[in-house]
Amino acid sequence: MNDDRPVLLETRGTCMHLTLNRPRALNALSHTMVRLLDEALARAEQDEAIESVLLSGAGDRGLCAGGDIRALHDDARASGRASLEFWRDEYRLNARIARFPKPYVALMDGIVMGGGVGVSAHAGIRVVTERSRVAMPETAIGFVPDVGGTRLLAAAPGELGTHLALTGRSVGAADAILCGLADHHVPARLLPALTEALGKPTGLAGPTRATGPGVSVADIVQGFATEPPAGELAAQRDWIDDCYAADTVEDIIRKLRASGVAAAQTVADELLTKSPLALKVTLAAVRRAARLDSLEAVLDQEFRVSSRAFEHPDFVEGVRARIIDKDNAPQWKPGSLAEVDDQEVARFFAPLGPGGQELALAPGPADTSARDGQDEQGGQGG
């Protein structure tokens, strides 16, 4: 008999194992799942018998493909507010994961996108496999990277994070590790054994390495780790770092065109299929995130941006074109980068107003718009 609970919880020895359990929906996160995860982590934090937490996804296609995009789309079309409350709780969960005081191991096998990155890439120990495809693909649907993704991408070497934020491209195991989105590569065939070992900290820690008392969770994971298949980004750093260092999306595209690199030409064409407004807001968000001093401050900023993106027609249109009708012909508003008003970009970062509308995770005011205002004139400064 199949268990239809959206999050499965099993305690194995000293390890609490949480499984996202919507395999037909690629384990897409619902509000209920976010609440269940948060409640489980709160309990694990207080339970002295629990020494570690393990997160995985049901099925063999991926950990999590992100939030429930169709539900968010329907809510936006109906001018609802449920999505904002979902993000409020989701971002708080992201912050809890990042600050979790016990080892939190995320098995980032298969597809890990959007919200899936939020529940895994902030973990203390992040495991990818040869099947992993990790991405923040929001610009394709008229949205902007969130769940702390702008902080993660801003911290990637050089301009790799800017490249991934604007294009929304997915990366495999080696590139996820290079970009700081993951820590270890473990072959997918070894994940069941790793899961078992984490529940028995005095048992086998890897194919050839035994453990004993005092061996850490990190040591157990390391015992299973191997070199990942070769990545792609390291060899592309020269043109990526040069082109994406430009101050505006228009200048980035011009530099990509002028680079003489075939792969860069392909990227330039690709960027022109994304929402022009989402591209400009995304560049500003990543650059601003690099200047903020905590994940909580970045999540506060992302909540403002997500709230504004939710109200903009590009989000509904992007989901329609990419997910629902799948005609891949979104009609963006505005339709070109030249038509995107700088003040409209700045508005995404402005305070939401009184009455508890802000996420307010970081202590003190989260408003960076005043000090960053000059940087945003004439495009995205950084």
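A: In this predicted model, at least two residues of the second largest pocket's lining come from each of strand E1 (7-12), strand E2 (15-20), strand E3 (52-57), strand E4 (62-64) and H8 (helices, H or I, at least four residues, and strands, E, at least two, are DSSP runs numbered from the N terminus). E1 contributes the most, four residues. Residues are numbered from 1 along each chain as its sequence is written. Local features need pLDDT of at least 70 and side-chain atom pairs 80 or more, while totals for chains, interfaces and linings use all residues, and side-chain values use heavy atoms, leaving out hydrogens and water.

The second largest pocket holds about 310 Å³ of space (on a 1 Å grid, a pocket is an open set of points where a 1.4 Å probe fits, with protein on both sides within 12 Å along at least five of seven lines; lining residues have an atom within 4 Å of a point; the volume is that filled by probe spheres on the points). His17, Ser56, Gly57, Leu107 and Thr195 are the closest to its centre among 21 lining residues. By class, this lining has seven nonpolar, seven polar and seven charged residues (Ala, Val, Leu, Ile, Met, Phe, Trp, Tyr, Cys and Pro are nonpolar; Asp, Glu, Lys and Arg charged; the others, Gly among them, polar).

H8 also packs against H9: Ala193, Leu194, Ala197 and Leu198 of H8 meet Val217, Ile220, Val221 and Phe224 of H9 (contact means heavy atoms within 4.5 Å). That contact comprises eight nonpolar residues, no polar and no charged.

The largest pocket has a volume of about 670 Å³. Its 28 lining residues include Ala65, Gly66, Gly67, Ile69 and Ile323, the closest to its centre. The lining of the largest pocket divides into 17 nonpolar, four polar and seven charged residues.
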